[in-house]
Amino acid sequence: STTTSNTSAAITTSPPAGRASESSLAERAAAAGVSAAVAAGVQRRPSSVTRRVLVQTLDASANNASGDALCFLLASGKGPDAPRGELISDDLVGRCLPRLASALQHVDEPFCRALARLHTLCLRRCCVTDAGAAALAAALHAKALPALRSLDLRENLLGTRGVGSARGGSTAHAPVAAPSASIIRSDDSGTVTASGGRPPPAPSPETMRILAAFGFACAVQSLQRLQLDGNPRLPDAASYLLLRNLLQPTSAPQQLTLSGCGVGDEACRAVAKALLQGAPLSQLLVGDFVGDEGAAHLARAIGSARCGLRELALGSLVGNAGVIALAAALGGSVDAAADSGGHRAGDGGGGQSARPACSLRFLCLGGRYLGVNVRNPRIGSSCARSLHEALASNASLKALSLEGCALGDLGCSMLLLG
């Protein structure tokens, strides 16, 4: 190998013997369906510089029909022996994801080193399907993207079979939990329960398994931001499994957005369970099939002192009953002794004083949040008094957005005057 050195660094300008060359990367990219120019942009090799330049942000947005291929490329390089998690099994890959199986056979250490500093990956509007999600799960488990902290998969086709999937065959395995994930069973996933729209069709066993694997891989990666908005084929049942694996008690994205999907009340139930277990989720945007039941699930969580959620946006089927449940959580309090593991006041706890349980600072039930329009036209005047009473006793909430709701003059008066 030819090297250039100074007092602090040595740069390898040609690949070591026995490793994949630049041409092999181009061939692998072509086989996956990615142009050689894109692949070369990921792996930029220094020639006469004295410090290695590595890609930190990769934005491949609006590359229609190239998303899965790029995911296959990102999953390649670690070789067939690299870990990829229990859910992305040899049976699933071999029978249902032949192009991913081919990508996982390659070993390319220079390519892997080129991805070592990538912290932001945007594949918005790239037609990423279940096959691409499986490839990303394999890549994250194999530590092919060790520095990745932000993943944008907005406006894709999660929940659908991709071009990298085999037709016809179907794995007989039901979704299962990885060893250190929350217990998840296919019969505990639930179905879409919100009304007033057309939810996506029931997910296939492959979709359930792949999305569960993807969620757990993101938890292992310790992502800080995950954007899944605009995936209309992402069903509520599969979202439940994804979220139960994604939101671990000690590892969860700080920001999670799920608008414009088939996500509904069952997904909110999964989020609520995780928040009650201490998952460090700070910002949550969820819709569009979330109704009163989903709002009630989240209300039980934000009313607990263990919940660290700071910002919440819900839409678009929440009505008065859901708002009343949220108001009760906003105005609630927790006994200090009970929160610290002791007895409640009145039960021999020494008369500890109560303190506000809710730590929510921003609640959006209508308006613009993180670039998304939230609307709940079913919210009317009958919940305004409950909100007024909650705001009178709540010390944490700094902003409440109700744009586009049907409060009317009576509701606004009750909200302000009680």
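This is a predicted model: local features need pLDDT of at least 70, side-chain atom pairs count only at pLDDT 80 or more; totals for chains, interfaces and linings use all residues.

Trainee: Good to know. How many helices and strands does the protein chain have?

Mentor: There are 15 helices and 14 strands in the protein chain. The chain runs to 418 residues, and buried ones make up 52% of them.

Trainee: And what share of the contacts with a separation of 6 or more comes from residues 24 or more positions apart?

Mentor: That share is 85% in this chain.

Trainee: What about the surface, how much of it belongs to carbon and sulfur atoms?

Mentor: Carbon and sulfur atoms account for 50% of an accessible surface of about 17,100 Å².

Trainee: Let's pick a helix. Why is H3 described as largely enclosed by the rest of the structure?

Mentor: Helix H3 covers residues 67-75, and nine of its nine residues are buried, so the rest of the structure largely encloses it. Among those buried residues are Asp68, Cys71, Phe72 and Ala75.

Trainee: What does the backbone do just after H3?

Mentor: Gly77 sits there with a positive phi of about 115 degrees.

Trainee: Switching to cysteines: how many disulfides turn up in a search of the whole structure?

Mentor: Zero, for the whole structure. Take Cys122, which is in no disulfide: its nearest cysteine sulfur belongs to Cys126 and is 7.2 Å away. The cut-off for a pair is within 2.5 Å.

Trainee: Is Cys122 buried or exposed?

Mentor: Cys122 is buried, because its relative accessible area is 10% and the limit is under 20%. Cys268 also counts as buried, at 1% relative accessibility.

Trainee: And which class does Cys127 fall into at 30% relative accessibility?

Mentor: Cys127 counts as partly exposed. Its backbone deserves a look too, as Cys127 has a positive phi of about 60 degrees although it is not a glycine. You'll find Cys127 in the loop between strand S4 (120-122) and helix H7 (130-141).

Trainee: Now the voids. How many cavities of 30 Å³ or more are there?

Mentor: Three in the structure. The second largest cavity has a volume of about 50 Å³.

Trainee: Which residues line the second largest cavity?

Mentor: Its lining includes Ala75, Lys78, Arg84, Leu104 and Ala142. Ala75 is also one of the buried residues of H3.

Trainee: Where is Leu370 found?

Mentor: Leu370 is in the loop between strand S12 (362-369) and strand S13 (372-374). Leu370 has a positive phi of about 55 degrees although it is not a glycine, and at 39% relative accessibility it counts as partly exposed.

Trainee: Last topic: which peptide bond ending at Asp288 is cis?

Mentor: That's the bond from Gly287 to Asp288, with omega near 5 degrees, and Asp288 belongs to strand S8 (residues 283-290). The bond from Gly315 to Ser316 is cis as well, with omega near 5 degrees. Ser316 lies in strand S9 (residues 311-316).

Trainee: Great, thanks for the tour!

Conventions
Residues are numbered from 1 along each chain as its sequence is written. Side-chain values use heavy atoms; hydrogens and water are left out. Buried means under 20% relative accessible area, exposed over 50%, partly exposed in between (1.4 Å probe, protein chains only). Helices (H or I, at least four residues) and strands (E, at least two) are DSSP runs, numbered from the N terminus. On a 1 Å grid over the protein atoms alone, a cavity is a set of points where a 1.4 Å probe fits but cannot get out, and a pocket is an open set with protein on both sides within 12 Å along at least five of seven lines; lining residues have an atom within 4 Å of a point. Grid points are joined across faces, edges and corners, and a volume is the space filled by probe spheres set on the points. Contact means heavy atoms within 4.5 Å. Accessible areas come from the Shrake-Rupley method with a 1.4 Å probe; for residues, only the protein chains shown count as cover.
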